[in-house]
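These are my notebook entries on one protein model. I wrote down what I looked up, in the order in which I looked.

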Amino acid sequence: MRLFDKLSGYFQNTGLAVSIIYISLCVIFVFLISIAIAPLQKLNEFEKIVNSDSLFTSNYDNNWNYSEFSEMVKYKAYKEAMLKLSKKDSIQLSVNLNDSSIGLYINGVNIHQVHIKLFKQDNLLNELSNKQYVKIFSEPVKISSQNATIIKEPIVVRQAPKDTIEAALIATEPITLTQNPAFIFLRLEYGIDLFIEQDSNPDFHDNWVKFSHYAKFNTSKILNSFFRFITFKKQEYYPTITIKIPATDLRAIYRALPQNAFVVISLKNNK
């Protein structure tokens, strides 16, 4: 009788364990499905942005919707955005993936231009209709937040000289700053993420900083996705653009950008 009770309890516990595993797998499956459909929801969000602007919709020429005009639409949108950018009297950013360049502008004048060594744009951005593209990229896009591994305003701390001789010696010394590996994250208006990173990582320290930078971002992204899932909220999707440039140019660009800067973006035409 005792043996029978033990066996009965074992099978009951086994059934409970299987049920827990089954339910857990179902929850994970639904969670992954909610993440998988997030890009489609983002496209719908872009469409709603277009349709909510009645003035833009009424002035838009639907003849531009044909895919054959995609390259011309992107070129026209970029020029219109640059024209609007020229009216801003602070330093702003331009990212042109068609000619692989990134530059700083003030009042429409280019003050720093850099060749992009490598870039990658989110596949979702390739799915934008011409109408959606014009609405989003025919004007400067505001940078909502900035985060970087480098110091925005570097400060050199020196002891005051005791006499004129020591002052003269200090004046001839080169200014040296600790240059951390350069990785920048910019979140743009419309929920687009722009990553700018140094084009090479020559040692372990650089690779570790890169890993830490993206690990922090991805961890926050996963936790946010899980929180939205358990609170029955729609998942968020942020299409990304990643570009690589020399570290010295990257530092110069980041330190020159004001807090509430704008960026003009021209995407690569992959249609």
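**Entry 1**

I looked up T57 and found it in helix α3, which spans residues 54–59. Helices here are DSSP runs of H or I with at least four residues, strands are runs of E with at least two, and both are numbered from the N terminus. T57 has a relative accessible area of 29% and is therefore partly exposed. The cut-offs, for a 1.4 Å probe and protein chains only, are under 20% for buried and over 50% for exposed, with partly exposed in between. I then listed the contacts of T57, leaving aside neighbours within four places in sequence, and noted V50, N51 and K131. Contact means heavy atoms within 4.5 Å. I also checked T57 against K135: the two are 78 residues apart along the chain, and their C-alpha atoms are separated by 9.1 Å.

**Entry 1: the basis of the model**

I recorded that this is a predicted model, in which local features need pLDDT of at least 70 and side-chain atom pairs count only at pLDDT 80 or more, while totals for chains, interfaces and linings use all residues. Residues are numbered from 1 along each chain as its sequence is written, and side-chain values use heavy atoms, with hydrogens and water left out. The pLDDT is the predictor's confidence in each residue, from 0 to 100. For the protein, I noted a mean pLDDT of 84, with 83% of the residues at 70 or more.

**Entry 2: helix α6**

Is helix α6 enclosed or open to the outside? I found that eight of its eight residues are buried, so α6 is largely enclosed by the rest of the structure. The buried residues of α6 are N130, K131, Q132, Y133, V134, K135, I136 and F137. I looked for what covers them, and the list includes α2, α3, α4 (70–85), β5 (141–148), β7 (192–198) and β9 (262–266).

I took up one of these partners, α2. The axes of α2 (residues 38–52) and α6 (residues 130–137) come within 10 Å and cross at roughly 70°. This makes α2 roughly perpendicular to α6. An axis is a line fitted to C-alpha atoms, for helices over the stretch in contact, and angles run from 0 to 180 degrees between N-to-C directions. Roughly perpendicular covers 65 to 115 degrees; angles under 35 count as roughly parallel, over 145 as roughly antiparallel, and the rest as oblique. On the side of α2, L43, F46, E47, I49 and V50 make the contact, and on the side of α6, K131, Q132, K135 and I136 do. I sorted the residues of this contact into five nonpolar, one polar and three charged. Here Ala, Val, Leu, Ile, Met, Phe, Trp, Tyr, Cys and Pro count as nonpolar, Asp, Glu, Lys and Arg as charged, and the others, Gly among them, as polar.

I moved on to S138, in the loop between α6 and β5. S138 is buried, with a relative accessible area of 8%. S138 touches A77, E80, A81, K84 and Y133, not counting residues up to four places away in sequence. The C-alpha atoms of S138 and K84 are 8.9 Å apart, although 54 residues separate them along the chain.

I located G108 in the loop between β2 and β3 (109–115). Its relative accessibility is 41%, so G108 counts as partly exposed.

**Entry 3: two positive phi angles**

Most residues other than glycine have a negative phi. I noted S100, which is not a glycine, with a positive phi of about 55°. S100 lies in the loop between β1 (92–96) and β2 (101–106). F232, also not a glycine, has a positive phi of about 60°, and I found F232 in the loop between α8 (204–230) and β8. Are these residues buried or exposed? S100 is buried at 17% relative accessible area, whereas F232 is exposed at 78%.
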